[in-house]
Amino acid sequence: MQSGRLGACLMREPELVADCMAAIGAAVSVPATVKCRIGVDDQDAEASLFSLVDLCAKAGVTHFVVHARKAWLKGLSPKENRDIPPLDYELVYRLKRARPDLTIAINGGIADLEAAEAHLAQVDGVMLGRAAYHNPGLLGAVDRRIFGEDREVGAVEAVELYKPYIAAQLASGVHLAAMTRHMLGLFHGMPGARGWRRILTVEGVKAGAGLEVVDAALAAVTGAAALRAQDERAAGSLEAGEAA
Ligand SMILES: Cc1cc2nc3c(=O)[nH]c(=O)nc-3n(C[C@H](O)[C@H](O)[C@H](O)COP(=O)(O)O)c2cc1C
């Protein structure tokens, strides 16, 4: 990445980034946005973040997503660079306060919607990376909690809504696993989650696997939920009997 002058090392070349953004902005009809770190290595984070944002804003960029930690290019792998450099949310809040006309979204280590809501009191948006990937079911509550809609989309409903897309992709030759591998965490922490993952990972990779695998995996989840509800009802009536 560094030899190719790609990725976080571009925090060292804000003029180049701004030139690129001007060219990108002129070439596309959608907003050209920037996702950046707060700095790299021994840079002063405040100076490097503001310099990148201000130069890009001059080039016409209005929307920034800031991963609120430095990247340490010497000695850390990309994976370590997502966890080890400390988070500095306050710096991103200061950026928003100092540049109120820009749209500033925050990213990095935000684990759930409670945390997202707290950040939204300070900035315009939140980007969830690993939380959304490992526990995508949490996205079903976003429209209600963040955007004020009146209902949530449950995980089972989300799969049902996704099935027509899966069917269309299967029909055009995409393997089932290419889609189901991103759904493995959907029932995270819920009864039947293990069965869901097992069926999708074992059956979903077989040649010719189709929607019947998704239905079988869903049945594992809904069956487990029904069993748990039955157990809870039985435990409830036992307790009621003991109390009587
Ligand atoms: C497997 C993986 C690949 C990633 N690839 C990119 C990438 O190509 N470009 C980028 O800006 N961020 C990339 N990221 C970083 C995320 O966009 C995000 O900034 C980072 O995971 C921190 O947010 P989180 O704590 O919510 O996960 C990647 C993250 C993961 C886990």
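A crossing of two helices is right-handed if the near helix is turned clockwise from the far one by less than a right angle, and left-handed if anticlockwise. Helix 1 passes helix 2 in a right-handed crossing. This is a predicted model, where local features need pLDDT of at least 70, side-chain atom pairs count only at pLDDT 80 or more, and totals for chains, interfaces and linings use all residues. Residues are numbered from 1 along each chain as its sequence is written, and side-chain values use heavy atoms, without hydrogens or water.

**Helix 1 and helix 2**
- The axes of helix 1 (residues 14-27) and helix 2 come within 8 Å and cross at roughly 30 degrees.
- That makes helix 1 roughly parallel to helix 2 (angles under 35 degrees count as roughly parallel, over 145 as roughly antiparallel, 65 to 115 as roughly perpendicular, the rest as oblique).
- In contact (heavy atoms within 4.5 Å) are Pro-14, Glu-15, Val-17, Ala-18 and Met-21 of helix 1 with Ser-51, Leu-52, Leu-55 and Cys-56 of helix 2.

**Helix 2 and helix 3**
- Helix 2 (residues 45-58) and helix 3 (residues 89-98) have axes that come within 11 Å and cross at roughly 40 degrees.
- Helix 2 is therefore oblique to helix 3.
- Their crossing is right-handed.

**Helix 4**
- Leu-113, Ala-116 and His-119 are the buried residues of helix 4 (residues 113-120); buried means under 20% relative accessible area, exposed over 50%, partly exposed in between, with a 1.4 Å probe and protein chains only.
- They lie on the same side of helix 4 because they cover an arc of only 115 degrees around the axis.
- These buried residues pack against helix 3, strand 3 (103-107), strand 4 (125-127) and helix 6 (142-145).

Methods: Axes fitted to C-alpha atoms, helices over the stretch in contact; angles between N-to-C directions. Helix = DSSP H or I, 4+ residues; strand = E, 2+ residues; numbered from the N terminus. Arc of directions from axis to C-beta.
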